Amino acid sequence: MNSMTPPQTLGQGGQPVGPYLLEIEGIRKEFPGVLALNDVQFRLRPGTVHALMGENGAGKSTLMKIIAGIYTPDRGTIRLRGEEVELNGPLDALKRGIAMIHQELALMTWMTVAENIWIRREPKNAFGLIDHRKMAEQTRELFDQLKIRIDPTAEISTLTVAQRQMVEIAKAVSYQSDVLIMDEPTSALTETEVDHLFDIIRDLRARGIGIVYITHKMNELFEIADEFSVFRDGTYVGTHASADVTRDDIIRMMVGREITDMFPKEEAKITDVILSVENLTLPGVFHGITFDLRKGEILGVAGLVGSGRSNVAEALFGVVPATEGTIRIDGRPVTIRSSADAMREGMALLTEDRKETGCFLQLSILENMQIAALHQGHVKAGFVDEQGLTKLCEDMKGRLRVKTPNLDERIENLSGGNQQKVLIARWLLTKPRILILDEPTRGIDVGAKAEIHRLISKLAQEGVAVIMISSELPEVLGMSDRILVMHEGHMTGILDRAEANQVKIMELAAR
Amino acid sequence: MANVQIEPVARTRRKLPQELNILSVLVGVALVFELLGWIFQGQSFLMNPQRLTIMILQVSVVGIIAVGVTQVIITGGIDLSSGSIVAMTAMVAMSFAQSSDYARAIYPALTDMPVIVPLAVGLGLGLLAGIINGSLIAITGIPPFIATLGMMVTARGIAKWYTKGQPISFPTESFAKIGSGAWPVAIFLLVAIIFHVALRYTRYGKFTYAIGANPQAARVSGINVQRHLITVYAIAGLLSGLAGIVTAARAETAQAGMGMMYELDAIAAAVIGGTSLSGGRGRIFGTVIGTMILGLMMSGFTFLRVDAYYQEIVKGLIIVAAVVADVYRQKARTKKA
């Protein structure tokens, strides 16, 4: 780190150098068995976007929850506008002007936009009852300020994720919050929605609001953040202006080691066609999907969120089967009506949403890993061959470098990257010939990401045919032999590795 | 990585089985009654084999039901119909088990049947009710609470309609034998062992936990969730049918009011035994202990001559306390973010 002396050395010993909105000093937080934060500091200036960076498990989320009043630190001080405060719960934090936009959005689905924003502060009429018209009017004024175009009387359930996020931001602004915490706000947004969000963030910044921004995406850091702080294993590493550093500098700070190649694609021998999809259609969702996939090949699938990418994967795997079109495996037409059918044909699907459709959170790592393999042997007269299967799982744990002391630990207690490795292990145990990966590295740390990429390359070398859906263009470009691009349910092209680049993909994905 | 530091916690947890908590509660309850026995009654509560035998006999029927209900709860569901299925199967099975010594049998032509006939009829009827429960839940997607509530009311209705409210008595000797002596206890323990093993060591068990923990992930993992749910509810129905047979055989009579509130006792036994109502967690061994705790309390209060009304009040409080304790345990575990 010697090569990177912070450009603006921050004050020591609790004396603020500049007028800070929020100052955090010497914070420590311990959970049973885990020291989540150890003597951590953080300072937020008004009118800036301050990114928190670090691998999963670095302590960003814990720090953020302390700032939002959700956790109480064991030790340390929090100063808000120069004044030392103690935050008694999220509501107290909110009243003091600290608002958090949750990663899992926290709105009441069956209530209207206006009701959500003004809850507990509803305007009343002469009878002391809620004045809905006035409430809608207030909401409209608020939205005009923020250039948000959403109907205040719409029910939250009818809004997209991006719109819901806008509602949360508007709610935070309505509390006159000047510290706004955003936890990976773009993880479920399309490109245009991200642009809109960034416009709003810039606008908030111009009003002097300080924004704490958690992200895994390096591009966003350079696009939106003024400063960033890096954390590693619960400790504070440093704070820098984002204009003064390069991508590699940040990665080095985060992992504390050199990563020479983020996308170590190794050439694999591409042989016979194994999967042949023709005119696959699910009306209203996707249409006329046609492609061939060869053994050893990695077919990247790019497209904006909502382009039907994941639906095609689900159709191939029988989760929601297509209604038209043919699927051939080894040249033989097959009928796939359920996941079990797909698995019999040697397919595996790593789903997009780890929590919703991947992990059994309350179950152990072992149980999570072995569940799919139970369809293919390992069972005699109904009884599971625990010993044999556990040994295979142990091997898999070693091979994928799952960081856990033992397989009986609940999967819930693992970091996102390690959970993802367990889920990949689940599918590898079924010895798939066709592996479909939907966002295999979303929301996981840089180290685990590179390991997963290496693994995918290796599987391809072993002759597995891979379909890899990803929103991260560098990942798609780095890993794929060919790239299928989708736009609003249609295939808009298949690019060869040699001709593909970000511009070409975006042209096909967003025309 | 920070999570490596979890190790010491994980190790200690491996050494102590989850049931240890609940087992210590059982011992604690027993000791409290023992102490109170000496204080108020001047005699031992535990050193009375007869009392303990009666206690286990009393709860074995609820225990048989609880084994099925535990599995349903592990899938994230609930079964409110078991008590009514007990009454329905008791009535119908008994009508095929009557002795020819009795002049006014329900089916005069079908008296003195071999014991296999009422057994098959009772088990078959329970199984059918369970399959209906499971199919309603798995295929139409209505909540288990509603589906089994419907079955609860309907099965009770069938039990009453069957003889227009008249009890059925005079079973053959071989049928009565099922409920005599230690048979009910033996049946309960056998059923418990079978399903304890099934849940822990078979694919059936793995799938049951998986569905309860995350039905969507279970489906993507290739599990036929609909079919499996129907199986689990069918087993619960079958066990309720078995409980109905045992109840009727033990009482040597069947009445439409039998098994009243047994479904709630069974749910309570499962919950006290550590089964989580949100699904994905629970063990039959815990349920057996939970059943024993319920039995011990009933027997203990009777021994201390506590008014029956107080007994119910306290039972209610204990069920709620068990769930509250479970919620806090869960919170303590998930707090490490």
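The exercises below, each with a worked solution, concern a predicted model.

**Exercise 1. Helix packing in chain A**

Task: Determine how helix H5 (residues 161-174) and helix H6 (residues 191-206) of chain A are oriented to each other, and which residues make the contact.

Solution: 
1. Two packed helices are described by the angle between their axes and the distance between the axes.
2. For H5(A) and H6(A), the angle is about 10° and the axes lie 11 Å apart.
3. Angles under 35 degrees count as roughly parallel, so H5(A) and H6(A) are roughly parallel to each other.
4. H5(A) contributes Ala162(A), Gln165(A), Met166(A), Ile169(A) and Val173(A) to the contact, while H6(A) contributes Glu193(A), His196(A), Leu197(A), Ile200(A) and Leu204(A).
5. By class, the residues of this contact are 7 nonpolar, 2 polar and 1 charged.

**Exercise 2. Helix packing in chain B**

Task: Classify the packing of helix H8 (residues 183-201) of chain B against H11(B), and list the residues that meet.

Solution: 
1. The angle between H8(B) and H11(B) is about 170°, and their axes are 11 Å apart.
2. Angles over 145 degrees count as roughly antiparallel, and H8(B) and H11(B) are therefore roughly antiparallel to each other.
3. On the H8(B) side the residues are Pro184(B), Ile187(B), Val191(B) and Phe195(B); they meet Ile235(B), Leu239(B), Leu242(B), Val246(B) and Arg250(B) of H11(B).
4. The contact of H8(B) with H11(B) holds 8 nonpolar residues, no polar ones and 1 charged.

**Exercise 3. The surroundings of Thr247(B)**

Task: Locate Thr247(B), decide whether it is buried or exposed, and describe its contacts.

Solution: 
1. Thr247(B) belongs to helix H11 (residues 225-251) of chain B.
2. Its relative accessible area is 10%. Buried means under 20%, so Thr247(B) is buried.
3. The side chain of Thr247(B) comes to 2.6 Å from the backbone oxygen of Ala243(B).
4. With neighbours within four places in sequence left aside, Thr247(B) contacts Val61(B), Val86(B) and Met258(B).

**Exercise 4. Salt bridges**

Task: State how many salt bridges the whole structure holds, then work through examples in chain A.

Solution: 
1. Side chains of opposite charge can pair when their charged atoms come close.
2. Over all chains, a search finds 25 salt bridges.
3. One of them joins Glu25(A) and Arg43(A), with 3.2 Å from N to O. Glu25(A) is in strand S1 (residues 22-31) of chain A and Arg43(A) in strand S2 (residues 34-44) of chain A, 18 residues apart. Arg43(A) is buried at a relative accessible area of 3%.
4. Glu278(A) pairs with Arg328(A), their closest N and O atoms being 3.3 Å apart. Because Glu278(A) lies in strand S11 (residues 273-282) of chain A and Arg328(A) in strand S14 (residues 324-329) of chain A, the pair ties together parts 50 residues apart in sequence. Glu278(A) is partly exposed at 40%, and Arg328(A) is partly exposed at 27%.
5. Arg96(A) forms a salt bridge with Asp92(A), with closest N and O atoms 3.3 Å apart. Arg96(A) is partly exposed at 32% relative accessibility, whereas Asp92(A) is buried at 18%.
6. Asp199(A), Arg202(A) and Glu223(A) are joined in a network of salt bridges.

Conventions:
Residues numbered from 1 in each chain as written. Chains lettered and ligands numbered in written order. Predicted model: local features only at pLDDT ≥ 70, side-chain atom pairs only at ≥ 80, totals over all residues. Heavy atoms only, no water. Helix = DSSP H or I, 4+ residues; strand = E, 2+ residues; numbered from the N terminus. Buried < 20%, exposed > 50% of the residue type's maximum accessible area, 1.4 Å probe, protein only. Polar contact = N/O pair within 3.5 Å; in protein donor to acceptor, adjacent residues only side chain to side chain. Contact = heavy atoms within 4.5 Å. Salt bridge = Lys/Arg side-chain N within 4 Å of Asp/Glu carboxyl O. Axes fitted to C-alpha atoms, helices over the stretch in contact; angles between N-to-C directions. Parallel < 35°, antiparallel > 145°, perpendicular 65-115°, else oblique. Nonpolar A, V, L, I, M, F, W, Y, C, P; charged D, E, K, R; others polar.
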